[in-house]
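Dear colleague,

I am passing on the model we spoke about, with the sequence and coordinates placed just below.

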Number of protein chains: 2
Amino acid sequence: MVKKLSTDPYKGVRDFYPDDMAVQNHIFSAMRRASESFGYEEYAASILEPAELYESKTSDEIVNEQTYTFIDRGERKVTLRPEMTPSVARMVAGKRRELAFPLRWYSIQNFFRYERPQRGREREFWQLNCDLFGVEGVAADAEIITVAASVMKELGASEDDFEIHVSDRTILDTLYRDTDKKFSLGLAEETHRAITRLLDKRVKIDDFEQQLSTLLNGNSEAAAWLIKELESRKSNPSLEALRARLAERGVNNVIIDTSITRGFDYYTGMVFEVFDTDPQNKRAMFGGGRYDRLLELFGDEKLPAVGFAMGDVTARDFLDSHGLLNTRGSTTDLYIAPVTAAFVPDAEKLADELRRKGARVAIGLTDKKVGDQVKVALKKSIPFFAAFGEEERGGNVRVKHLETEQEESLTREDLAEFLIGKRA
Amino acid sequence: MVKKLSTDPYKGVRDFYPDDMAVQNHIFSAMRRASESFGYEEYAASILEPAELYESKTSDEIVNEQTYTFIDRGERKVTLRPEMTPSVARMVAGKRRELAFPLRWYSIQNFFRYERPQRGREREFWQLNCDLFGVEGVAADAEIITVAASVMKELGASEDDFEIHVSDRTILDTLYRDTDKKFSLGLAEETHRAITRLLDKRVKIDDFEQQLSTLLNGNSEAAAWLIKELESRKSNPSLEALRARLAERGVNNVIIDTSITRGFDYYTGMVFEVFDTDPQNKRAMFGGGRYDRLLELFGDEKLPAVGFAMGDVTARDFLDSHGLLNTRGSTTDLYIAPVTAAFVPDAEKLADELRRKGARVAIGLTDKKVGDQVKVALKKSIPFFAAFGEEERGGNVRVKHLETEQEESLTREDLAEFLIGKRA
């Protein structure tokens, strides 16, 4: 007896049926348009990376609890990448002498994290990563934020739909040193990093102040001081300059917010997060920042780098909650339905003719009734439909727009151009 | 001391720097155009699948020696998919009642096999998979082969560059039964499958006849008879009908060749392979066939299915050896070089204007000399270049085509349209 296999995908990953894929391609194509309009070039790496790539710099939680890491048949320890930045840093370091800087690179790739699947969080997700290598300073920081804002606009968002919160890691560094000095704590570098990660999770943690105080050698006075000071250091000349630069470029929804830290250890300067302004859903959707020292991991000199990553799941949720997710259009222009199977070869000839002219045509290959074939085309959201029988062998083709039920009679010669012209 | 990390990718996988990615996108876009012109819709699944999906039907060699299989943090046995067919069968079986048949589906996805890396073989590779579900018979078989031929044509191949070899698994089934009967061998079903897999690897095996004879209970007379008979069963009415049907549709490079078997166990009817005709490289590049019974694995009734898969590595090698791999064009239209950093903000304004009109523009953000910025643009294959200084603040922009060194002076208003019009 053969065991019956389950049709479920692996837990926490998604199947993309054509309707889902159309939404995914809609999101990816907005990401691509925005990135390429700023001269960013596409690159990619494998989902499999040597495990050591994550063992030094990615946040501890991700490495210890959330990576998919295993030993291959050749005894190599490998990881399914949980984020792109280590891979892109590896690639840039690997060809640093050959590449022409500045580099503007983007990728749309998938990632794995072993988390409990929940709304907005899957074990496999996709991300746009945009990075600018080789330029320091406010112009580069402003550019990367402008690209992020452009992706939102390409997705159909207006400036009211989102807010960009900016901060700077150096504010935190100074603050930690000041707290340390004021309360004579003798904090290690690693404690600084732990505080930053804790601040990043602040809204999700109930006993935040308790945990902060633990990190500060149990000094609750120091914890309270740090929280108060963090709030007061909002007026910062470099962040003001960044906001002014963005305003000049038409990006006006920028807020200086020192509570933004980003979880990853590698950030060295500006950090930002894009928030949904919907009161039902007011949360950080994605972000990025400056990470000038990541290439040192590969024994390289530091290299100015700034970038961001935006996930497909948050993008889809945003579109959904803002009513921006319109129903899909098929990639197919026309469905040709032979009235009986005997007409299939001649209908195929017409279809092949139209394809050579650039139209995208599906065709019925069986004896199915024309009415049933209409249903098939409707279910696939194919916009145009044509029955093919004796009349169509020589003469005109009657084409029906399925949504409006409008019919037009066209010559074989005009049909392809008509269909292509009707594409959205 | 911090350990220096290697910049090498994991063994047997590839990094795609922008130049490599441009080639990859060129191949993928040809695959997409051909598939969509026949009304195929894109779908996708995760690279991670439950391991059991491969344990019953994929060829033994792949499952036992070549899969990446590991246990996740929740004790689930998972596999990085080595091929698409089990995943697509799983997806179709999972929504069989909701889907409108016929289904025409395609995907461009990555796969892993643990093999010794060598020319034309990587541990991670990409494949186009095209499948037509729900239609029996020669029209469907001919369509899927026509799509395969169209991909080759979209890649720039002429009919002389490749040959399509077709056969039918039922010829083998009959032949095995005849051999069994004539020599009273009492062969098991599993032996039939083993013979098919052996035939598939025939050209790569030195002691093929020896191994065949072993499978036939050591009967070398039976082995010799089987080989001779296989050759003689080339004239087959259903394959002749398929060839005629393809010729009607303008696919003329079809050869009936009963030595074609395809390795996978799941094929039930027509099988085909596309061969490179280059005498230096005369080998099967890719193929497919009919597999009407795969959905039974999921407890479903059989469903007519025919499809093929084409890999990126063989596609690239083919383009390379036939001189079809032209140098890439950048996705960026124009590089704007501010003559000093003081001009960056105004140059950005121009760039943003052009972007809003659909042009793709990169910009220098530093004090780099214009001559050095020309070199950067050249290295990135960006076609047009413009310096931005005092003159460009108000007036026209002088745009240089870097390859021909031709210059044109254009108004800001006309520039975007000019750049878009120059795209290939």
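In chain A of this predicted model, 3 strands form an open sheet in the order β2-β4-β3, with antiparallel pairing; strands here are DSSP runs of E with at least two residues, helices are runs of H or I with at least four residues, and both are numbered from the N terminus, while two strands count as paired if DSSP finds at least two bridges between them. The edges of the sheet are β2 (48-50) and β3 (68-71) of chain A, each of which has a single partner strand, so one side of each is left without a neighbour in the sheet. From one strand to the next the twist averages 35°, the axes being lines fitted to C-alpha atoms and the angles running from 0 to 180 degrees between N-to-C directions. The antiparallel pairing of β2(A) with strand β4 (residues 77-80) of chain A extends over 3 bridges, and Glu49(A) stands opposite Thr79(A) in β4(A).

As to conventions, residues are numbered from 1 along each chain as its sequence is written, and chains are lettered from A and ligands numbered from 1 in the order in which they are written. Local features need pLDDT of at least 70 and side-chain atom pairs count only at pLDDT 80 or more, whereas totals for chains, interfaces and linings use all residues, and side-chain values use heavy atoms, with hydrogens and water left out.

Turning to the interface, 99 residues of chain A and 98 residues of chain B take part in the contact, which is defined as heavy atoms within 4.5 Å. Between them the two chains, A and B, bury about 8300 Å², of which 54% is on carbon and sulfur atoms; buried area is the accessible area (1.4 Å probe) that two parts lose on being put together, summed over both. On the side of chain A, the residues that lose the most area to chain B are Leu5(A), Tyr17(A) and Arg73(A), together 9% of what that side buries.

One of the salt bridges is formed by Arg90(B) with Asp15(A), where the closest N and O atoms are 2.7 Å apart. Arg90(B) lies in helix α3 (residues 85-94) of chain B and Asp15(A) in the segment before α1 (18-37) of chain A, so the pair joins two chains.

With best regards

Note on methods
Salt bridge = Lys/Arg side-chain N within 4 Å of Asp/Glu carboxyl O.
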